[in-house]
Amino acid sequence: MTPEAKDKPAMLEMRTIRKAYGPVRVLADVSLSLAEGEVRCLAGENGSGKSTLIKILSGVVGADAGTVIIAGRPQGNDAKAAISAGLSVIYQDFSLFPNLTVWENIGFLAAVTAGEMVHRRSVRRALAIETLKRMRVDIDPDTPVERLPVASKQLVAIARALANNARIIVMDEPTTALTRSEVARLLEIVGALRDEGVAFLFVSHKIEEVFAICDTITVLRDGRVVVEGPIQEFDAASLVEAMTGRSIDSQRLPRTQAEPASPFLSARKLGRRGEYADVDIDLRPGEIVSVVGLLGSGRTELALTLFGALAADEGRIKIEDRPVVFAGESDAIDHGIAYVPEDRLTEGLFLNQSIRDNIVVSSLEKNLRAGFIDARALVQRARDAVKALRIKTPDVAPSVATLSGGNQQRVVLARWMERNPKLMILNGPTVGVDVGSKREIHELLVALSRSGTAVMVVTDDISEAIALSDTILVMVRGKITGRFDANDVDEDRLYNEVIKEGRA
Amino acid sequence: MSKPLSRVLATPQGVVLITVLVFALVLGIINPAFFSVATLIDLLRNSLVTGIFALGVMMVLASGGIDVSCTAIGAFAMYATMKIVLGVDVDLPIFAFFALSALIGAVLGLFNGLLIGILGLPTLIVTLGTLSLYRGLLLTFLGTTYITAVPREIIAFSRKVLVRMENAAGQMVSLPYSFLVLVGVAAVVAILINLTLFGRKIYAIGGSEEAAERIGIRVRHVKVMIYVLAGAIAGLAGMTHVTLSRMANPFDLVGMELNVIAAVVLGGARITGGYGTVTGTLLGVFVITMINTTLLMAGVPSYWQKVVIGGLIIVGTGLPIIIERLSRHRERISRSLSA
């Protein structure tokens, strides 16, 4: 922490920024400042206005009112000017060129900013090597970026910003894809650069990340700054409360205790080389099981295997005590298994089609009359589902694209519930869903499970796992490393389990 | 299998190269006259026009696009040039013929570039459309007759040869001055893509258009320039064709575009963008020409050429994808969970 940061001049000032898209107000009088060598976190839930604020800051989008001042100079809606003024945004996907070498990637931004005409190989390569050395990073400058692991790509993105003399680096959810030791390495580098006077703005909604990295914090909620100040003034509970607007205590959903039932699906010694191994899992009607793990822990691959989309190399799966082998997703669907994918927008929904069609598309055979589809019955069924799941829409005819994230997720749920699945697997069920809707989706899932469906949730959201589940399995590097009754585990304990990197 | 051989086989270009070597070897055994300097010169001469077209198309592929209209641009540019020169009836140096043809090609390429870069239309659709459009305009408005009375500067230029010799069958084979056009275009393209920031921006856009936009590259601008250049190069290819055949036939060239694209892809450019080299492209062109010429020499019906070229396109584009998939699979299998 650098207390002297307060005395240093502000490198970035955003004053009373306002932005609306049509009638929807996204940012209302947001102010934010960043001093030399300051590491500030911009925290907020999905939909709180973080990304819009970053777009305005980087000049990609213009603000309706308010000013952005970088290094004393007012900025307009001009991305190039912002880059020249010393601002660099490192996006979640890093925006590197996979086909080019590390050194060429690092030097490219500086060359474009300087408006060079000639490609000076040796100069740029030397600059890249020097920048990597300054960061004390050991990456072969001649490797194509596509061959690098994620953590190295991020370091290359940082090096590219530095090679362009960036004084302010904005990073969008920087630790999402990193392991704990990689996060530690990133923090070291950030610390060293901070001492050189580089200011960082981290954008995040992950509590752990915020406390690990930042000196100061600005919390956005519904497009307003709800609170800001040095990190010491916060703890996890008060930060969550600031971000979500609700207290952390009442997180776990009330429920009746599940009746002990024999498992619908049980897997033993399940393994897929390079992804997960030795997984034992039982999924029972009336029980919600969460598999909690970081990105790359094998959680998604496990879920996809149970849905028949990937084949296991080892182990066996039994359904209602009979061994099964899935040849593909349709086999699993025939056995009564449903899967709600991580990215509902690309994998789950037909965005431009009506809510009705999206709900009934996988259960059309329910309304066959002499081989023809009974359109009126379909509409009725879709309306019933909309009512049952409390989807906020005037009718079932508008396209799914008109709905909010939470309501879109409910449409996906409705579609699968129309098939009366015996097992529902959900991957990241509330990613990109606002807080209120999150709670309601959790309630829906609890109700679904109490009505006799087996539910499996795959997530990296620890508070979600605790709020929702009966049993929590922790997955680390492809292995189940812990089993908990969700009643007697707290967030800290679970968090420490999830980030353990293998127990040798 | 020895180590270096397996490494060569792991790249699609390696597979193509080895296939071709085996192919040449078989031909050489059937017909020993195949291995001679005369054959080489003949192949080089036959590669000229395809090679020039291919260098332009390679830049387009590197940027993540595709250009199937290049041959129509070439045909239009060379025929229009001949019409204009014969119309004004003044003596012009041979250089002016090439310059005019390149200029006309650049204008047609600019139209492609505006549709693709500024309006953001898909490159395949645009160039498929302009392929037919330019050809139609050529035949409708400029004419459908052969121009055999070409200006004497062209005749003079086409008579100048770098090398001339007799082949095994007693025919004269020669490498004309037009070979220098290919050399010149290759040199300019090589300098452009390796030594200028503009050239590197082509590869950046081919790698990730969004990333290019985010670091301040003016993507639309670069795209327009790429198609203008490809058009100009197609114009040069068209004029080169005239100097080789000593007449201007408006029905020529169109139909070659598949050969051109096959050559570029075999030369290592990827249809998905971001890759492509001058040497690779020239090798690809040589391979395609060799297959076409030798099949003919071996008495294989010319329809079979199409079968072979089609097969090579599928192999050339499909192999990288399959190799990539295999290596991902192998990577997963070899990954250890407890590392």
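Trainee: Where should I start with the two chains, and how many residues of chain B are in contact with chain A?

Mentor: Start at the interface. 25 residues of chain B are in contact with 27 residues of chain A. Keep in mind that this is a predicted model.

Trainee: Which helices of chain B each supply at least two residues of the side that touches chain A?

Mentor: They are α8 (179–195), α9 (197–207), α10 (209–214) and α14 (303–334) of chain B. The largest share, seven residues, comes from α9(B).

Trainee: What is the make-up of that side of chain B by class?

Mentor: There are 10 nonpolar, 10 polar and five charged residues on the side of chain B that touches chain A.

Trainee: How do I read a pair of packed helices?

Mentor: Two packed helices are described by the angle between their axes and the distance between the axes. Now the case here. Take α7 (residues 152–159) and α11 (residues 219–245) of chain B. Their axes come within 8 Å and cross at roughly 80 degrees.

Trainee: How are α7(B) and α11(B) oriented to each other?

Mentor: Angles of 65 to 115 degrees count as roughly perpendicular. α7(B) and α11(B) are therefore roughly perpendicular to each other.

Trainee: Which residues make the contact?

Mentor: From α7(B), Ile154(B), Phe157(B) and Ser158(B). From α11(B), Val242(B), Thr243(B) and Leu244(B). By class, the contact of α7(B) with α11(B) has four nonpolar, two polar and no charged residues.

Trainee: Where does helix α3 of chain B bend?

Mentor: α3(B) covers residues 37–62 and bends by about 45 degrees at Leu48(B). Look past the helix as well. Gly64(B) follows α3(B), and its phi is positive, near 95 degrees.

Trainee: Why is α3(B) described as largely enclosed by the rest of the structure?

Mentor: Count its buried residues. 21 of the 26 residues of α3(B) are buried, so the helix is largely enclosed.

Trainee: Turn to sheets. What is the strand order in the open sheet of six strands in chain A?

Mentor: The order is β6-β7-β8-β3-β9-β10, with mixed pairing. β6 (87–90) and β10 (224–230) of chain A each have a single partner strand, so one side of each is left without a neighbour in the sheet. From one strand to the next, the twist averages 15 degrees.

Trainee: How many bridges join β7(A) to β8(A), and do the strands run parallel or antiparallel?

Mentor: Five bridges join β7 (residues 168–172) to β8 (residues 199–204) of chain A, and the strands run parallel. Val170(A) stands opposite Leu201(A) in β8(A).

Trainee: Which strands does helix α8 of chain A touch as it packs on the sheet?

Mentor: α8(A), residues 236–244, touches β3 (39–43), β9 (216–221) and β10 of chain A. Its direction makes about 35 degrees with that of β9(A). Helix α5 (residues 150–163) of chain A lies across β6 and β7 of chain A, running at about 170 degrees to β6(A).

Trainee: What is the open sheet of four strands in chain A like?

Mentor: Its order is β12-β11-β14-β15, with antiparallel pairing. β12 (276–283) and β15 (322–324) of chain A stand at the edges, each with a single partner strand. The twist averages 25 degrees from one strand to the next. Five bridges join β11 (residues 265–272) of chain A to β12(A). In β12(A), Tyr276(A) is the bridge partner of Arg272(A). Helix α9 (residues 299–306) of chain A lies across β11 and β12 of chain A, at about 125 degrees to β11(A).

Trainee: Last one. What does Ile17(A) touch?

Mentor: Ile17(A) is found in β1 (residues 10–21) of chain A. It is buried, with 24 other C-beta atoms within 10 Å. Beyond residues up to four places away in sequence, Ile17(A) touches Leu27(A), Val30(A), Leu53(A), Ile56(A), Ala63(A) and Gly66(A).

Key:
Residues are numbered from 1 along each chain as its sequence is written. Chains are lettered from A and ligands numbered from 1 in the order in which they are written. This is a predicted model: local features need pLDDT of at least 70, side-chain atom pairs count only at pLDDT 80 or more; totals for chains, interfaces and linings use all residues. The bend at a residue is the angle between axes fitted to the seven residues ending there and the seven starting there. A residue is buried if 20 or more other C-beta atoms lie within 10 Å of its own, exposed if 12 or fewer, and partly exposed in between; C-beta atoms are placed from the backbone. Two residues are in contact if their C-beta atoms, placed from the backbone, lie within 7 Å. Ala, Val, Leu, Ile, Met, Phe, Trp, Tyr, Cys and Pro count as nonpolar, Asp, Glu, Lys and Arg as charged, and the others, Gly among them, as polar. Axes are lines fitted to C-alpha atoms, for helices over the stretch in contact, and angles run from 0 to 180 degrees between N-to-C directions. Angles under 35 degrees count as roughly parallel, over 145 as roughly antiparallel, 65 to 115 as roughly perpendicular and the rest as oblique. Two strands pair if DSSP finds at least two bridges between them.
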